[in-house]
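This report goes through one protein model in short sections. Look at the sequence and the structure first.

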Amino acid sequence: TMVANIGGYISIGTNDLEASKEFYDKLFEPMGIKSFRGNDRSYFYRFKETDTYFAIFVPFDGEQATVGNGSMTGITFDSTDEVDQIYKIANESGATDEGKPEQKMATFYGGYVRDLDGNKLVFCKMG
């Protein structure tokens with residue numbers, strides 16, 4: 001039987017690699033996560049506790065990075081306070097507010113932003 005981790009590796013596109021790196025460095029700093037260079041068009045972030053990776057890339061095909069309508073990257077936290085904190089950091093770092101953190105359903109508390117390139121992120125507590 002195969003075993004897979006659907007959130008093991010997530011990447012998003014950017015049109016300004018250094019600005020995107022600065023944004024995500026600020027966002028992930030409270031978690032102690034530092035970026036590392038993948039190659040001349042990418043940076044990676046490793047979440048050690050869950051052995052997952054998040055990456056920012058300038059598109060390989062040389063075309064503009066675009067946002068997938070309906071696409072969203074979810075980053076989960078252990079508490080609503082952590083969700084509130086990261087949401088605030090994102091907005092202070094230049095994100096566009098897409099919906100303040102709130103209890104959306106009994107098992108989901110989330111807040112939404114778009115990064116500097118328009119990629120949609122949700123910071124949430126599940127359960």
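The sections below cover the basis of the model, a sheet, a pair of helices and a loop residue.

## Basis

This is a predicted model, in which local features need pLDDT of at least 70 and side-chain atom pairs count only at pLDDT 80 or more, while totals for chains, interfaces and linings use all residues. Residues are numbered from 1 along each chain as its sequence is written, and side-chain values use heavy atoms, without hydrogens and water.

Helices (H or I, at least four residues) and strands (E, at least two) are DSSP runs, numbered from the N terminus.

## The sheet

Four strands form an open sheet in the order β1-β4-β3-β2, with mixed pairing; two strands pair if DSSP finds at least two bridges between them. β1 (9-13) and β2 (35-39) are at the edges with a single partner strand each, so one side of each has no neighbour in the sheet.

β2 and β3 (residues 42-47) run antiparallel and are joined by 4 bridges. Asn 39 stands opposite Ser 42 in β3. Helix α1 packs on the sheet and touches β1, β2, β3 and β4 (52-57), where contact means heavy atoms within 4.5 Å.

## The helix pair

Helix α1 (residues 17-28) packs against helix α2 (residues 80-92) at an angle of about 155 degrees, and their axes are 9 Å apart. That makes α1 roughly antiparallel to α2 (an angle over 145 degrees). Axes are lines fitted to C-alpha atoms, for helices over the stretch in contact, and angles run from 0 to 180 degrees between N-to-C directions.

Phe 23, Lys 26 and Leu 27 in α1 meet Ile 86, Ile 89 and Ala 90 in α2.

## A loop residue

Ala 106 lies in the loop between β6 (96-105) and β7 (108-114). Ala 106 counts as exposed because its relative accessibility is 71% (exposed means over 50%, buried under 20%, partly exposed in between, with a 1.4 Å probe and protein chains only).

Notes. Angles under 35 degrees count as roughly parallel, over 145 as roughly antiparallel, 65 to 115 as roughly perpendicular and the rest as oblique.
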